[in-house]
Amino acid sequence: MQNPITRRRALSLFGAASVALAAAACGAKDDEPGASVSGKALQKVKVSLDWTPNTNHTGLYVAQSKGYFAANGLDVEIVQPGDTDPSALVAAGKLEFAISAQEALTQARAEDAPIVSIAAIIQHNTSGFGSPKNRNLTRPAQYAGKTYGGYGGPVEEPLLKTIVKADGGDPSTIKVVNVGEADFFAATKKGIDLEWIFYGWTGIEAELRGEPVNIQYVKDYAPVLDFYTPILITSEKQISSKPDVVKSFLAATSQGYGYAAENPADAAAILLKAAPDLDKELVTKSQEWLSPKYQDDAARWGEQKPAVWTDFAQWLYDQKVLTKQVDATKAFTNDFLPSA
């Protein structure tokens, strides 16, 4: 496995070009029997993270550690991404499952990538535009005249402009600078005023560093921006040819996230055991903050609402992120989730 990519590169890699490239280069792999439970061979499958291990992923590690995957007949390997977009490998049949985001999957489907979201890992969008508290940015209208540090992703500026307009501000006066691989803390010490962050990781880290942030969550200014991020994806072929594997994978994964929701301290310890290089205090505090948000107000973990998919796809098209409209009803399914 190559060096894991950062969140910035993960998001920028998601797209049709890499899906098409991987699909052309890779063939589907053969089934492999794994270890056995009670003499019955387990089905080997792989699930790729979207970036390095963090509390978005805890339910997978819990399901692995607690034996939920094995109890459902699966031998699951959790892998980190290399230079190729994991969703491209899912589309090509090289991976059974991966973590992605709604904006990335919708863009990929606009280019006919045969991938489908099978679960929302977190029920509501926890991302927003964050800034050091000493910038005194407490609402999007105040971004006018400030400098935004981005990575060149197609959704960034439309998100930024949408919430600034919604708050009565003028987004045309915001200076946009590509900061590449620089993290939030480095960038904001070098002239950047705000970045698009996930509070459950970067915001918590800022608190622990004694460098607290203000954040304006995108969903609070435009309901259409309460999209699913992250999500679990698979391919249309996997769904049609091995629906039992998809169902078994989600049964175990749902149990894993359910356990993490109810037992954040133990879940954090499981993640730290799997990824010992992570900061213990950050993981513990992040898990405590995020655990209640996995299922939140949904009837069951993973549930996806049709309106979230159709409305956001229309927004992407209206913002010219998509060059053609997408049938969002085919981009997701709740059919393989355990009953509430």
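**Exercise 1. Classify Asp 112 by its relative accessibility and describe its salt bridge.**

Step 1. Asp 112 has 59% relative accessibility and therefore counts as exposed; the classes are buried for under 20% relative accessible area, exposed for over 50% and partly exposed in between, with a 1.4 Å probe and protein chains only.

Step 2. Asp 112 forms a salt bridge with Lys 324, with 3.4 Å between the closest N and O atoms. A salt bridge here is a side-chain nitrogen of Lys or Arg within 4 Å of a carboxyl oxygen of Asp or Glu.

Step 3. The pair links distant parts of the chain, 212 residues apart: Asp 112 is in the loop between helix 6 and strand 5 (115-120), and Lys 324 is in the segment after helix 14 (306-318). Helices (H or I, at least four residues) and strands (E, at least two) are DSSP runs, numbered from the N terminus.

Step 4. Lys 324 counts as partly exposed because its relative accessibility is 35%.

A note on the model: it is predicted, so local features need pLDDT of at least 70 and side-chain atom pairs count only at pLDDT 80 or more, while totals for chains, interfaces and linings use all residues. Residues are numbered from 1 along each chain as its sequence is written, and side-chain values use heavy atoms, with hydrogens and water left out.

**Exercise 2. Find the salt bridge partner of Arg 109 and say which elements the pair ties together.**

Step 1. Side chains of opposite charge can pair when their charged atoms come close.

Step 2. The partner of Arg 109 is Glu 236, and their closest N and O atoms are 3.0 Å apart.

Step 3. Arg 109 is buried because its relative accessibility is 14%. Glu 236, with a relative accessible area of 35%, is partly exposed.

**Exercise 3. Trace the salt bridge network that includes Lys 189.**

Step 1. Start with the side chains of Lys 189 and Glu 211, which meet in a salt bridge at 2.9 Å, N to O.

Step 2. Lys 189 lies in the loop between helix 8 (184-187) and strand 9 (195-198), and Glu 211 in the loop between helix 9 and strand 10; the two are 22 residues apart.

Step 3. Lys 189 is exposed at 56% relative accessibility, whereas Glu 211 is partly exposed at 30%.

Step 4. The network of salt bridges links Lys 189, Glu 205, Arg 209 and Glu 211. The count of salt bridges comes to 10.

**Exercise 4. Describe how helix 9 packs against helix 13.**

Step 1. Two packed helices are described by the angle between their axes and the distance between the axes.

Step 2. Helix 9 (residues 199-208) packs with helix 13 (residues 280-290) at an angle of about 125°, their axes being 9 Å apart. That makes the two helices oblique. Axes are lines fitted to C-alpha atoms, for helices over the stretch in contact, and angles run from 0 to 180 degrees between N-to-C directions. Angles under 35 degrees count as roughly parallel, over 145 as roughly antiparallel, 65 to 115 as roughly perpendicular and the rest as oblique.

Step 3. Among the residues of helix 9 that meet helix 13 are Tyr 199, Trp 201 and Leu 208; those on helix 13 include Leu 282, Val 283 and Trp 289.

Step 4. By class, this contact between helix 9 and helix 13 has 7 nonpolar, 2 polar and 3 charged residues. Ala, Val, Leu, Ile, Met, Phe, Trp, Tyr, Cys and Pro count as nonpolar, Asp, Glu, Lys and Arg as charged, and the others, Gly among them, as polar.

Terms used
Contact means heavy atoms within 4.5 Å.
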